[in-house]
Amino acid sequence: MPTFPHYINFFNLGPHITTIQLNTTPPTLAIYIVNQDWIHPRCNKHRSYLKVLKIVMANLLVIVLVIHQVMASGYRMGANGLDMNYYLMVGCPLVEPVVKNIVNRALQHDPTLAAALIRMHFHDCFIQGCDGSILIDSTKDNTAEKDSPGNLSLRGYEVIDEIKDELERQCAGVVSCADILAMAARDAVFFAGGPIYDIPKGRKDGRRSKIEDTINLPFPTFNASELIKAFGQRGFSAQEMVALSGAHTLGVARCASFKNRLNQADPTLDSQFAKTLSRTCSSGDTTEQPFDATRNDFDNLYFNALVRKNGVLTSDQTLYASPLTRNIVNAYAFNQAMFFFDFQRAMVKMGLIDVKDESKGEVRQNCRRIL
């Protein structure tokens, strides 16, 4: 079971209502979240309202907890000189609204970009740290990270380019591509209905992007022990690994990444869902299968799918199949607010992996080219 600060209590009031209670000063705040399954199936309008209410309540919890933590610790500065207000301090105050507006506009045009931007940020941070190296184009003398087989399906580069172009017009040579990618991923989470959180800024862009470094990415065939080891090498606990895996509440997987599960009987795979995956793969390796029923909505249905043995990738279903992580999956499937809170904390932590300072990095004028 995940651990939470002493001032958080999660419990049920009957089968239909979950209470999240904050034992803080000022007095306790209680948030009540109604179970969406309680609504009659034909009441689609009420179900829609309830879904929005659950997202709002989950985000309210996150906001209260973050405020409480900041007030308790007085913490503002991040690692390696990063700062929540970095761009205000260096005289570029419109960075945040520019990023938010362009990401919002992009997601309104194509909601699937939310998953793409979050995945790009993850693939950036897990290779040489959060330094924008995933954005570099290959040259005749160097094959870059983005052309690795595991990165060929990444997309959303044009969103980062648009943000960078606008920020260069406003304050040239100030905003790093690494920060832009981290902020874009954060805002993609929010605009898809996920938790609200902020990140420290001031990262510098890396000067290396090589295909051979991508061997460090977790594979979709990893089991729970391999995932725990891979994430542990970057300072994450098993709980944080499961929380970050919850980003698969958004997006799809291509048949090539899960067809190995269909070649022989997989006891961790529901038989009916196996037929669904087989039908998907009948159209070819590039055919896409959503991770859960709401591919563009940030919620906890991914974890509910794992409980039903409807995980798409081996690395998804192993989280429930393994006793090392099953209780965490059950907890997140049961409480969306719990997942939201842990996810935003893990994302902030991920954004601090091996960040570059001025001595080891730069601010690129073009995110696709090293200066």
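**Salt bridges and a helix**

The side chains of Asp198 and Lys201 form a salt bridge, 3.1 Å from N to O; a salt bridge here is a side-chain nitrogen of Lys or Arg within 4 Å of a carboxyl oxygen of Asp or Glu. Salt bridges with shared partners join these two to Glu96, Lys100, Arg186 and Asp187 in one network.

This is a predicted model: local features need pLDDT of at least 70, side-chain atom pairs count only at pLDDT 80 or more, and totals for chains, interfaces and linings use all residues. Residues are numbered from 1 along each chain as its sequence is written, and side-chain values use heavy atoms, with hydrogens and water left out.

Asp198 is partly exposed at 34% relative accessible area, whereas Lys201 is buried at 2%. Buried means under 20%, exposed over 50%, partly exposed in between, with a 1.4 Å probe and protein chains only.

Next, Asp179 and Arg203 form a salt bridge, the closest N and O atoms being 2.7 Å apart. Asp179 lies in helix 6 and Arg203 in the loop between helix 6 and helix 7, so the pair ties together parts 24 residues apart in sequence. Helices are DSSP runs of H or I, at least four residues, numbered from the N terminus. Asp179 is buried at 0%, and Arg203 is buried at 1%.

Now helix 7, residues 224-232. Which of its residues are buried? They are Ala224, Leu227, Ala230 and Phe231. They lie on the same side of helix 7, because they cover an arc of only 125° around the axis, taken from the directions from the axis to the C-beta atoms.

Notes:
Helices (H or I, at least four residues) and strands (E, at least two) are DSSP runs, numbered from the N terminus.
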